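Visitor: I am new to this structure and would be grateful for a close look at one part of it. Please begin with a single strand and then proceed to its surroundings.

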Amino acid sequence: MRKTVVINVVGLTKRLIGEHTPRIKSFLEKGKQAVIHPVLPAVTCAAQSTYLTGKNPSEHGIVGNGWYFKDECEVKFWRQSNKLVQGEKLWDVLKREDPKFTCANMFWWYNMYSTADYSVTPRPNYLADGRKIPDCYSHPAELRDTLQDQLGTFPLFHFWGPKTTIKSSQWIADATIKTDELHHPTLTLVYLPHLDYNIQRYGLDFNVIGKDLEEIDAVVGQLLSHYENQDAHIVLLSEYGITDVDHPVHLNRVLRKEGYVNIRTERGLELLDAGASQAFAVADHQVAHIYLNDTTLKAKVKKLIEDLDGVERVLSDEEIANANLDHQRCGDLVVIADSRSWFTYYFWLDDKKAPDFARMVDIHKKPGYDPVEMLTDPKDPFVMPKVIGKLIRKKLGFRTVMNIIPLDAKLVKGSHGRIPEDEDDYPIFITNATTMEIDPKIDSTAVFEVLKAHVT
């Protein structure tokens, strides 16, 4: 089997490769390229699971970055157990063909408790006093200690939140090289999230994101040099392309005004009570699942949502099946935004009653995806002194919350999840395996076989 590395450069598209990415551009010009027809929804967890199983969400069950767990009556995002992904994984197929095959999974999602030989993923410590301490999880367990002893603690707060920088992708790249030197896996999967940040914050404004492109190009160049020296097959790919948006759509507020969403009030603040709601939306970028506890409302709710400004389509029944989303985890309705819009999880009608977690980076409590977590209020000149003050209080042992996230969804300028109109915004596949036959346009499910062929 041929040593292979798959470098997942999040958000990379043909549109972004140019003067700011000389290393990636050179790799593209010397190799072969294809565009990937995105899976629906074109979001991290669904795309990665499709690539690694060769199946659609209707089969592997990952219908988004999160969904409504019907038996628990709770919305949960960013779960980590690989057992949630239904279907045989790429590394299982390859290991069956050659027992000597090994795989390292460096930060691709659903990383924990899989059959990959080596894996590393974010896993903060949640302390009893409310603090969140940066850390990571690995298999084998001692790999975490080796990497953090040599590279420092995984920079969690640079991986997500207002402080996101190149440091997280750089750490992942350095950890990948260290793991390769220690264990020499046959197949390595690498996740570099850096482009996800400022393109969602600012959209496709090259005056802003040019620096981000240069930074990720340098990190990719480091990995290319390492693996080219080993005569490895190298694949650069992405999961989706991010496009400009300027219109947030608040589906749960619409459903609430019609009396479908049920709210609990605790300490004067409101919480979405999914199990007691007739209908509610789980928003995930430009796609949302609407779950109905009263299915007799399906036609009425579908018509209500279809008429909203910013909604392109509402799928139900056979339409959901035709979109390869007919799985028990899927919503009763699936809403797709138009090209300029995206969906918030917001369910409150008065910001004074928003739950405490709404103003915090809290990916596990929010019943939907919240890109505003990457931003602070641009109108608040004292936000950084506030952050410093809160950090000092924490270090002194006082309880405090980092409630610095604004409730202004209009701040978000880039999103993804729907299928873009322009193929320049599709995810991209680039390889140095120039003798391999690859179609110029491949389906997301076909990525599995193309990656398998690189190894075999």
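In particular, which residue in E6 is the bridge partner of Asn 105?

Guide: The bridge partner of Asn 105 in E6 is Ser 119. Please bear in mind that the model is predicted.

Asn 105 belongs to strand E5, which spans residues 103-106. Strand E6, residues 118-122, pairs with E5 in the parallel sense, and three bridges link the two. E5 also pairs with strand E10, residues 187-192, again in the parallel sense, over four bridges.

Nonpolar side chains tend to be buried together in soluble globular proteins. In this model the largest nonpolar core has 146 residues. The members that touch the most others are Leu 192, Leu 237, Ile 290, Val 301 and Phe 429. Helix H8, residues 206-228, gives the most to this core, contributing eight residues.

Elsewhere, a second sheet deserves attention. It is an open sheet of four strands in the order E16-E17-E19-E18, with antiparallel pairing. Strand E16 (279-284) and strand E18 (311-316) stand at its edges; each has a single partner strand, so one side of each lacks a neighbour in the sheet. From one strand to the next, the twist averages 20°. Inside the order, strand E17 (residues 287-292) and strand E19 (residues 333-337) run antiparallel and are joined by four bridges. Ala 288 has Val 335 in E19 as its bridge partner. Helix H10, residues 298-306, packs on this sheet and touches E16, E17, E18 and E19; its direction makes about 165° with that of E18.

Finally, there is a pair of helices. The axes of helix H5 (residues 141-151) and helix H6 (residues 166-183) come within 10 Å and cross at roughly 120°. The two helices are therefore oblique to each other, and H5 passes H6 in a right-handed crossing. Among the residues that meet there are Leu 143, Leu 147 and Leu 151 in H5, and Trp 171, Ala 175 and Leu 182 in H6.

How values were computed: Residues numbered from 1 in each chain as written. Predicted model: local features only at pLDDT ≥ 70, side-chain atom pairs only at ≥ 80, totals over all residues. Heavy atoms only, no water. Core = buried A, V, L, I, M, F, W, Y, C linked by side-chain atoms within 4.5 Å. Buried < 20%, exposed > 50% of the residue type's maximum accessible area, 1.4 Å probe, protein only. Pairing = 2+ DSSP bridges. Axes fitted to C-alpha atoms, helices over the stretch in contact; angles between N-to-C directions. Parallel < 35°, antiparallel > 145°, perpendicular 65-115°, else oblique. Left-handed = near helix turned anticlockwise from the far one by under 90°. Contact = heavy atoms within 4.5 Å.
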